[in-house]
Amino acid sequence: MRLGVDLGGTKTEIIALDAGGQEIWRKRCPTPRNDYNGTVQTIARLVREAEQHLHRPGSLGIGIPGALSRKTGRVKNANSTWLNDRPLKEDLEQLLQRPVRVDNDANCFALSEATDGAAAGYHNVFGVILGTGVGGGIVIDGKCVVGSNAIGGEWGHNPLPWPNPSWGEWPGPACYCGRQGCIETFLSGPALTATHPDGLSPQDIVKRATEGCDLCHTLLYHYQVRLAKALALVINILDPEVIVLGGGMSETDSLYQIVPKLWQDYVFSDVVTTRLVRARFGPSSGVRGAAWLWPAAQAEGN
């Protein structure tokens, strides 16, 4: 049995998968914001509850909104800032008395979709989360590319390519990472909301755009162009066979028809065969991917 935990900024979710990848148990609860010790205890409580309910132990993988430093083993780059510089993996291993695998939540999302989701069977996969933040994960031949600095796929904290000053893309909005003009500041859900004078939600902007509102149509078009440029940069470097979208903005149907047409102008190729697809497992991809952090043989041994 595999257990996966998705540690989000507002909720923490656990899932149990059987040997065939079928879900056999799931639960979620609020994340204790700004409370590191409370967060650790919440994860441990969910793990114990799952194992008591299912009457067996499982391997444990955890997806976090950050990464583990190669230098210190502590959390870095987390937008849930109370996790930063904390020994999360070590504390959980001591508390639960077992090995724990921890990876970035976007890596877990990409791994889930590459394993048995919308990108199953593809060699080279890029997974994108377009939500409260913007993340990316790379999976090659079924394995996450974490990288030598544990930042593989950190697409959201690169500058938006080919910025259009007339659209306010240069120097761009301030990002929590301390820089300006990061892709995240243009493509997250809150970023789209910030472009509307009344602060409409992304869902309302998309809805009104389809109903004929000129302003919302323009804002959505700008979003589509920015997404196309940002993904073209990935295609120029990684050249993936498929790009999978997750997060709240991935529910926007028009992205899948319009963005691949727009990225043709930015990809350094005469023909672009990369596919853009919606995640099969939607909001569940991250927690499923955390469970898949353990290969079959190792999962069975824990």
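Is Cys216 buried or exposed? Cys216 is buried, its relative accessible area being 0%, where buried means under 20% relative accessible area, exposed means over 50%, and partly exposed lies in between, as calculated with a 1.4 Å probe on protein chains only. The model is a predicted one, in which local features need pLDDT of at least 70 and side-chain atom pairs count only at pLDDT 80 or more, while totals for chains, interfaces and linings use all residues. Residues are numbered from 1 along each chain as its sequence is written, and side-chain values use heavy atoms, with hydrogens and water left out.

A disulfide is a covalent bond between the sulfur atoms of two cysteines. With the criterion that a pair of cysteine sulfur atoms must lie within 2.5 Å, the count of disulfides comes to zero. Cys216 is in no disulfide, since the nearest cysteine sulfur, that of Cys213, is 3.6 Å away. Cys182 is likewise buried, at 3% relative accessibility, and the closest cysteine sulfur to its own, in Cys177, is 3.7 Å away, which is too far for a bond.

The next element to follow is strand S1, residues 2-7, which is largely enclosed by the rest of the structure because six of its six residues are buried; strands (E, at least two residues) and helices (H or I, at least four) are DSSP runs numbered from the N terminus. Both faces of S1 are covered, with Arg2, Gly4 and Asp6 buried on one side and Leu3, Val5 and Leu7 buried on the other. Strands count as paired if DSSP finds at least two bridges between them. S1 runs antiparallel to strand S2 (residues 11-17), to which six bridges join it, and a hairpin of three residues connects S1 to S2. S1 runs parallel to strand S4 (residues 59-64), with five bridges between them. Leu3 can be traced in both pairings, for its bridge partner in S2 is Ala16, and in S4 it stands opposite Leu60.

Thr31 lies in the loop between strand S3 (23-30) and helix H1 (36-54), and Thr31 is buried, with a relative accessible area of 6%. Its side chain makes a polar contact of 2.7 Å with that of Thr12, a polar contact being a pair of N or O atoms within 3.5 Å of which, within protein, one must be able to donate a hydrogen and the other to accept it, and for which residues adjacent in sequence count only if both atoms are side-chain atoms. Leaving aside neighbours within four places in sequence, Thr31 is in contact (heavy atoms within 4.5 Å) with residues including Leu7, Thr12, Thr39 and Trp82.
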